[in-house]
Amino acid sequence: MQVYDIPIDALERETTQHGTPDFPLAAYTTTISRNVLGFINWHWHDELQLCLVREGLVEFRVRAAAVRLGPGQGIFVNSRELHSARNLEGQDSTYYCLDFSANLLLHAGESLVDHTYVLPYVAHRGFPHVALDGASAWHEPALGQLATAIHELEKPEPDRLDVLIRLLQVWHELYANVFSAGGQKTPADTRSWGTAFEVVRYLEQNYHQDLRLRDIALACGYSESSVTRAFRKSMGTTVADYLLNYRIEQSQRLLASTDLPVGEVAARTGFGSASYFDLRFRDRTGMTPTAFRRAQGTVS
């Protein structure tokens, strides 16, 4: 299934339900250019994530790390980590994605296995991601298990036990080679990430207001220059660009789910006027707000 837009809430948490309560796993095939913004914007979710690049070149960002992957390479993204994905070198990239709850890996009731091998590492801040790029010998079997699980899930009636076993094998590779070994080094400049993350949270809560960089920096307790540097270093973009994309995503939800006039949507999402909203929305999505709403079936 292709996801064209990732719904997120006011905390940048993805709100998609991945799978079902009795098998909390969902498989997606994502062609990046088909996303409404032309890339996968920053978001997070409670589920664990495994991605496998099918074609093209993709840059995954998790915190301050930029991980560039090609066909056959993959990445593990831990629970509750902000991440994004973009095409590289003008290519139209496609990747498979498995989002699954940690509950899928757990036993019923108290389990020594759960408390030793799984729970200590879910949402662990020291393990935000692991690149599976072939640089280590254990990557090959992990990627092989991931690819086979994806292939099985593409069947009309997948063998879910087989999928679960393969996910557990991937997790075991992560545990044996990363988690239990102390893992990879997290980015040294955690201060930049902390600054950027504080700014992101402020923008999420105040995006509907008229915001200037000096006001944002003052509210977060930093200088304008430190905010600018931290945001660029940690997230690979500017505060203004992030804010614009966030506002457009919020406006898309209002356009698709309400019959509010376009001018009211503009006002509620921080755009100064309907005409400015129309211009910037069209620049980012290739269509006007009205055309987007019509495409969603909200208006005739």
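Let's start with the open sheet. Four strands, in the order 2-7-4-5, pair in the antiparallel sense. Strands here are DSSP E runs of at least two residues, and helices are H or I runs of at least four, both numbered from the N terminus. Two strands count as paired if DSSP finds at least two bridges between them. The edges are strand 2 (40-43) and strand 5 (65-69), each pairing on one side only. Neighbouring strands are turned by 20° against each other on average, direction ignored. Axes are lines fitted to C-alpha atoms, for helices over the stretch in contact, and angles between N-to-C directions run from 0 to 180 degrees.

A word on the source. This is a predicted model: local features need pLDDT of at least 70, side-chain atom pairs count only at pLDDT 80 or more, and totals for chains, interfaces and linings use all residues. Residues are numbered from 1 along each chain as its sequence is written, and side-chain values use heavy atoms, with hydrogens and water left out.

Back to the sheet. Strand 4 (residues 58-62) pairs with strand 7 over five bridges, antiparallel. E59 has R86 of strand 7 as its bridge partner.

Now S84. Where is it? In strand 7, residues 83-87. Buried or exposed? S84 is buried, at a relative accessible area of 7%. Buried means under 20%, exposed over 50%, partly exposed in between, with a 1.4 Å probe and protein chains only. Leaving out residues up to four places away in sequence, S84 touches I40, N41, W42, E59, F60 and R61. Contact means heavy atoms within 4.5 Å.

Next, the cysteines. The structure holds zero disulfides; a disulfide is a pair of cysteine sulfur atoms within 2.5 Å. For C51, the nearest cysteine sulfur is that of C97, 3.7 Å away. C51 is buried at 1% relative accessibility. C97 is buried too, at 6%.

Last, a helix pair. Helix 7 (residues 239-257) packs with helix 9 (residues 274-285) at about 100°, with the axes 11 Å apart. So the two are roughly perpendicular. The classes: under 35 degrees is roughly parallel, over 145 roughly antiparallel, 65 to 115 roughly perpendicular, the rest oblique. Helix 7 brings D241, L244, N245, I248, S251, Q252 and L255 to the contact; helix 9 brings F277, R280, F281, R284 and T285.
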